[in-house]
Amino acid sequence: MAKVQIEGSDAVHECESGTRMYEAIEDGNLKVPLGCLHGHCGACVVEVVSGSLAEIKEGEKLALRAFDTEEDMRLACLAYLDGDVVVRTLKP
Ligand code: FES
């Protein structure tokens, strides 16, 4: 199992490890902006505050590079859960 929490919120959503983060966000009504869901728009960039996600895949790496993000940033639409994680949203 894996839990997702947004920093500053008490809301937590629990789901299976291996779930894509955006699915947990939608299912748990967590407050993270979502857009294209394919790594094109950058709406879903989050910073990992604690915990970790599954190893980053090449497509997500390329998308993050295009958005000029820092280390520890991930795309909620492409990242897979692998245990408990707390993330910070970058966009309101
Ligand atoms: S929702 Fe567009 S990049 Fe993730």
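The largest nonpolar core holds 22 residues, and V4, L75 and A76 touch the most other members. Five elements each supply at least two residues of this core: β1, α1 (21–27), β3, α2 (58–66) and β5. The model is a predicted one. Nonpolar side chains tend to be buried together in soluble globular proteins.

Leaving aside residues up to four places away in sequence, A76 touches M21, Y22, I25, V32, L34, C44 and V46. Across the protein, residues 24 or more positions apart account for 64% of the contacts with a separation of 6 or more. Of the 92 residues, 28% count as buried.

The secondary structure comprises 2 helices and 5 strands. Read from the N terminus, the elements follow the order β-β-α-β-α-β-β.

The 5 strands form an open sheet with mixed pairing. Their order in the sheet is β2-β1-β5-β3-β4. The edges are β2 (12–15) and β4 (73–75), each of which pairs on one side only. Neighbouring strands of the sheet are turned by 35° against each other on average, with direction ignored. In general, the strands of a sheet pair through backbone hydrogen bonds, either parallel or antiparallel.

Two of the pairings were examined in detail. Strand β1 (residues 2–6) runs antiparallel to β2, and 4 bridges join them. Within this pair, Q5 has V12 in β2 as its bridge partner. The two strands form a hairpin with 5 residues between them. G8 lies in the turn and has a positive phi of about 90°.

The second pairing joins β3 (residues 45–53) and β5 (residues 81–89). These strands are antiparallel and share 6 bridges. S50 stands opposite V86 in β5. In a regular strand, side chains alternate between the two faces of the sheet. Both β3 and β5 are among the elements that each supply at least two residues of the core.

Overall dimensions were computed last. The C-alpha trace spans about 30 × 25 × 20 Å along its principal axes. The radius of gyration is 12 Å, which agrees with a compact globule, because a globule of 92 residues would have a value near 12 Å.

Notes: Residues numbered from 1 in each chain as written. Predicted model: local features only at pLDDT ≥ 70, side-chain atom pairs only at ≥ 80, totals over all residues. Pairing = 2+ DSSP bridges. Axes fitted to C-alpha atoms, helices over the stretch in contact; angles between N-to-C directions. Core = buried A, V, L, I, M, F, W, Y, C linked by C-beta atoms within 7 Å. Buried ≥ 20, exposed ≤ 12 C-beta atoms within 10 Å, placed from the backbone. Contact = placed C-beta atoms within 7 Å. Rg over C-alpha atoms; globule rule 2.2 N^0.38 Å.
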